[in-house]
Amino acid sequence: MTITAEQLVEQLQSLLGADHARSGGDLTAWEEDWRQLAKGKALAVVSPASTAEVAAVVQACLAAKESGLNVSIVPQGGNTGLVLGGTPDASGLQVVVSLKRMQAVRAFDKQNLSMTVEAGCILQNLQNLAAEQGLLFPLSLAAEGSCVIGGNLATNAGGTQVVRYGNTRDLCLGIEMVNAKGEIWNGLSGLRKNNTGYDLRHLMIGSEGTLGIITAATLKLYPQPAATTCAWLAVDTLDHAVELLALAQQQLASGLTGFEAMEQDALKLVEKHMPHMRMPIDASTGAAFILLEYSDDESEDRARARLEGLLEAAFEAGLLTDGAVAQNLDQAQKMWDIREHITLAQAAEGLHLKHDISVPSSSIPAFVRKAKEELAKVLPDARVINFGHLGDGNLHFNVQAPEGANPREFVDTCQQTAEQAIYDVVASFGGSFSAEHGVGRLKRHDLAHYKDPVALGMMRAIKGALDPLNLFNPHALLPDA
Ligand code: FAD
Ligand code: MLT
Ligand code: ZN
C-alpha cells in the first residue's frame with residue numbers, strides 16, 4: 001500500500017520530534033535560495049542531530065518511495081549555494097534534510113594535521129578552531145559565516161586560497177555518509193595514502209547531494225604562516241594582470257596565497273552600495289585591480305621584503321600603474337572586505353546572471369575581450385561585472401540588467417541568450433561553465449549541452465547504480481535523460 005505524504009511526515013516527526021521535522025508554517029529560510037531567485041515548497045524540513053538519525057530519515061523516505069510515493073530528498077547545509085542545488089522545487093514532495101544541527105568536532109589530531117568534524121559545522125568556526133590550535137584550515141569564501149562544511153564538500157567549493165591550497169577536494173582526507181539504501185559508510189580517516197580501490201570520497205565531493213548525504217569529514221590542516229601581507233594593485237589591462245600572475249608565481253612560489261582580480265565596474269558597484277568602504281586606490285584610475293596576498297613561513301620582515309621585491313620588478317616591467325601595500329592586518333582585512341562585498345553589492349543592485357567560468361589563466365584577456373564582444377551583439381546594454389579568482393583562471397563574468405531595466409524580467413528573459421553567448425566563448429577556449437559553484441538545478445541544461453557525452457553517460461551510470469530510485473536531489477546536476 002502506498003504510504004501517503006501525511007503518513008511520511010508523521011513518521012519523520014516521530015523519528016526526530018515535531019520541532020525537528022517541520023511541515024507547513026513559514027519554511028522560507030529553507031525553501032528559498034540565498035539570491036532569492038526561486039522559492040520552492042517542501043513536504044517537510046527535517047534536522048537530524050546524528051548520523052543515525054540521518055540514516056533513519058533516508059530509510060523512511062526510501063520506504064515511502066518504494067511504496068509508490070514520489071518523494072525525494074534535498075540535502076541542505078547553509079543554503080548559500082548559487083545554483084539552486086540545495087533548495088526544494090515547487091512539487092511539495094521533497095524533504096529538505098538540513099545538516100545544521102550536526103556541529104560536533106569529533107577529533108582534532110594536531111600531530112597528524114587533521115580534524116574530524118560533522119557536516120553542519122560552519123566554515124568560519126572551523127577556521128577559528130584550527131587557529132586556536134595554532135593551525136590553519138585554509139578554505140575561505142565570502143559566505144564562510146553561514147556555509148557549512150558538508151555543503152562545501154558537496155559543491156567542492158573553491159574560494160580565495162585555491163592558488164596555494166586547492167579546492168575543498170584537496171582539503172579532505174575522509175568522509176562519512178549515508179547512501180541511498182540508508183546505510184552509513186564510515187570512511188573517516190586521517191590517512192594521506194590509501195590505494196584500496198575506487199575513491200568514494202572523491203565521488204561524493206562535488207556530487208551536490210545527488211549520491212548521498214555527507215554527515216562528517218576528516219579535513220587537512222596546515223601550519224599557520226609566520227606572516228601574511230597584501231597589496232592592492234592597479235593594472236591598465238588584463239594582459240598585464242596575467243603577466244603579473246606569472247611573475248608572482250615565479251618570485252613568490254607557494255607563498256602566493258591569493259590572487260584576485262576585479263574590473264573597475266565591480267568596484268564601482270561596491271562604492272555605490274557600500275559607500276563607507278574606502279578603496280585603497282581610486283577605482284576610476286585603473287581598468288582592473290588585483291588583490292595579491294603573500295604568506296611567508298619565516299617572518300614579517302621577510303614577507304614585506306619579498307612582496308616589495310615583486311612590486312618593484314612589476315613596476316619596472318611596466319605591469320602596474322599604481323599600488324598600495326597593507327601596513328597592518330587591519331588594512332589587509334579592509335582590502336579583503338572590499339573584494340568579498342562584490343557579491344553583496346551585485347545583490348543590492350538587483351537580481352543578475354552569474355557566469356562562474358574558468359579558462360587557462362593565460363587565455364583570460366582574450367576570453368574577456370571575446371565574451372564582451374559576443375555579449376554586446378545580443379544584449380548591447382547589459383552590464384558586465386567581471387571579477388574573480390584570476391590565480392585559478394576562474395572569473396565571475398556576471399551580467400547585470402541594463403540601467404533602469406527590471407532585474408527580475410531581465411533574468412527571466414535574457415538568461416539563455418547571455419549563457420549561450422558567453423559559454424560558447426568559454427567552450428572555444430577549452431574552459432568550464434562552472435568553475436566552483438556547481439550545476440544545481442540552474443545549469444543542468446548547460447551540462448547537457450557542454451559536457452562530453454561519454455563523461456555524461458558515465459555520470460548517469462554512477463547515479464543509476466548508487467541511487468536507482470532517484471531518491472537524492474533528482475532535479476539537480478544531471479539533466480533529464
Ligand atoms: P548549500 O547551499 O546548502 O548546498 C549546496 C549543494 O550541496 C546542494 O546541492 C545541496 O543539496 C548539497 N549539500 C549540502 N549539504 C550536503 C550534505 N551534507 N551532503 C550532501 N549534499 C549536500 N562558492 C565557491 O565555491 N567559492 C566562492 O568564492 C563562493 N563565494 C560565495 C560568496 C557568497 C556571498 C555566497 C552567497 C556564496 C558563495 N559561494 C562560493 C557559493 C556557496 O557558498 C558554496 O557553494 C558553498 O560551498 C555552499 O555551502 P552551503 O553549506 O551553503 O551548501
Ligand atoms: C565570489 O567569489 O565572491 C563568488 O563566488 C562570486 C559570485 O557571487 O558570483
Ligand atoms: Zn568565487
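1. In the counts below, Ala, Val, Leu, Ile, Met, Phe, Trp, Tyr, Cys and Pro are nonpolar; Asp, Glu, Lys and Arg are charged; the others, Gly among them, are polar. By that scheme, the shell around ligand 1 holds 16 nonpolar, 19 polar and 2 charged residues. Note that the model is predicted.

2. Which residues come nearest to ligand 1? They are G77, G85, G150, G151 and G209, out of 37 residues around the ligand.

3. Three elements each give at least two residues to the ligand 1 shell: strand 3 (72-76), helix 5 (149-155) and strand 10 (213-220). Helix 5 has the largest share, with 5 residues.

4. Helix 3 is worth a separate look. It covers residues 51-67, 17 residues in total. Its first and last C-alpha atoms lie 24 Å apart, close to the 24 Å expected at 1.5 Å a residue. Just after helix 3, G68 takes a positive phi of about 120 degrees.

5. Which residues of helix 3 are buried? E53, V54, A55, V57, V58, A60, C61, A64 and K65 are. An α-helix has 3.6 residues a turn, so residues three or four places apart point the same way. Compare that with the buried positions V54, V57, C61 and A64, among others. E53 and K65 are also on the buried list.

Methods: Residues numbered from 1 in each chain as written. Chains lettered and ligands numbered in written order. Predicted model: local features only at pLDDT ≥ 70, side-chain atom pairs only at ≥ 80, totals over all residues. Near = placed C-beta within 6 Å. Helix = DSSP H or I, 4+ residues; strand = E, 2+ residues; numbered from the N terminus. Expected span 1.5 Å × (residues − 1). Buried ≥ 20, exposed ≤ 12 C-beta atoms within 10 Å, placed from the backbone.
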